[in-house]
Amino acid sequence: MNVVVCAKQIPDPAAPQSLDAQHNLDRTGKLILDEADTYGVEMALQLVDKAGGGEVTVVSMGSAQDVAGLRTALAMGAAKAVIVSDDSLRGTDALGTAKVLAAVVRRLQPDLVVAATESSDGYTGTTPVQLAELVGLPSITFAKSIEVNGSTVTVQRQTEAGFDEVTAPLPALVTVTAGVVEPRYASFKGIMAAKSKPVEVLSVADLGLEGQVGSAGARQVITEVVTADARQSGEKYVDDGDGAARVVAFLESIKVL
Ligand SMILES: Cc1cc2nc3c(=O)[nH]c(=O)nc-3n(C[C@H](O)[C@H](O)[C@H](O)COP(=O)(O)OP(=O)(O)OC[C@H]3O[C@@H](n4cnc5c(N)ncnc54)[C@H](O)[C@@H]3O)c2cc1C
């Protein structure tokens with residue numbers, strides 16, 4: 001079984017972040033594999049192992065100047081990576097990103113596409129389902145477990161009340177939530193092997209998407225960026241014997257109970 005994992009390289013969250021004049025995140029520094037996507041990589045590796053054959057291909061859009069994030073996925077066990085990198089992609093919005101990823105998925109024709117529910121830096125949470133729609137794949141979101149049985153995939157899909165079990169024919173796209181699997185640490189052997197695994201760099205012209213992506217084709221613009229409110233300090237209650245009831249009332253008010 002061949003699985004594509006969509007994985008985003010993001011600026012290291014531990015480093016100071018800056019925005020350019022169009023309010024876009026500066027992506028010229030060190031890039032790492034988005035932690036959210038390590039779950040997809042791990043899930044895909046486990047599914048391929050279980051199927052007894054096939055491989056995991058990591059697909060990304062962004063700068064290919066630094067592919068350390070993709071090498072992390074290769075060190076975990078992915079066989080190869082494809083990154084679409086092009087100056088004309090500057091300003092590409094979420095739909096444009098989906099168009100780019102969809103064009104690569106069409107070339108690779110995998111049995112399954114895995115993505116995270118949302119990324120850690122942009123998190124519109126819309127890219128994977130747009131990708132599925134563009135390729136004509138059924139999509140199942142918020143997976144907490146994935147099982148492939150021959151030509152179908154069965155997913156336990158998290159809901160507010162618990163989970164739904166959803167089955168779709170393959171090929172399909174599934175988004176996974178954080179914490180569904182424990183992403184493996186790359187072994188020393190894996191890190192060394194990753195250095196020689198193929199990372200194919202494609203341009204917009206290679207995909208025939210000239211004029212359809214980049215800022216010209218974008219329907220989203222970031223009009224303003226504001227600093228998030230500082231966290232409020234918590235409220236203190238003195239327990240006069242009604243502490244438990246107050247806790248329950250609070251949890252009900254935020255719909256946890
Ligand atoms: C106004 C604007 C300008 C932008 N300018 C640029 C730019 O100059 N250069 C640039 O590279 N991007 C640019 N982007 C694209 C942006 O970085 C994201 O790739 C895109 O908006 C979707 O990301 P998200 O965080 O909302 O994805 P979400 O939908 O939250 O991501 C969910 C999952 O989809 C997959 N995914 C999302 N994005 C990618 C990706 N890029 N590669 C592989 N998998 C992915 C991952 O599995 C991810 O975990 C811009 C976006 C906007 C709105």
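Two strands pair if DSSP finds at least two bridges between them. The views below show a predicted model.

**View 1. Strand S1 and its partner strands.** Strand S1 covers residues 3-6. S1 and S4 run parallel and are joined by four bridges, with Val5 standing opposite Val58 of S4. S1 also pairs with S6 in the parallel sense, over three bridges. In that pairing, Val3 stands opposite Leu112 of S6.

**View 2. The two faces of strand S1.** In a regular strand the side chains alternate between the two faces of the sheet. Val3 and Val5 lie on one side of S1, Val4 and Cys6 on the other, and all of them are buried.

**View 3. Val5 in the nonpolar core.** The largest nonpolar core has 63 residues, and Val5 and Val174 have the most contacts inside it. Leaving aside residues up to four places away in sequence, Val5 touches Asp37, Gly40, Val41, Ala44, Val56, Val58, Ala78 and Val114.

**View 4. Helix H2 and the residue after it.** Helix H2 (residues 68-76) is largely enclosed by the rest of the structure, because eight of its nine residues are buried. Among the buried residues are Leu70, Arg71 and Met76. Gly77 follows H2 and has a positive phi, near 140 degrees.

**View 5. The shell around the ligand.** The ligand has 35 residues around it, of which Ala115, Ala116, Gly122, Thr124 and Thr127 come nearest. Helices H1, H3 and H4 and strands S4 and S6 each supply at least two residues of this shell. By class, the shell holds 14 nonpolar, 14 polar and seven charged residues.

Conventions
Residues numbered from 1 in each chain as written. Predicted model: local features only at pLDDT ≥ 70, side-chain atom pairs only at ≥ 80, totals over all residues. Core = buried A, V, L, I, M, F, W, Y, C linked by C-beta atoms within 7 Å. Buried ≥ 20, exposed ≤ 12 C-beta atoms within 10 Å, placed from the backbone. Contact = placed C-beta atoms within 7 Å. Near = placed C-beta within 6 Å. Nonpolar A, V, L, I, M, F, W, Y, C, P; charged D, E, K, R; others polar.
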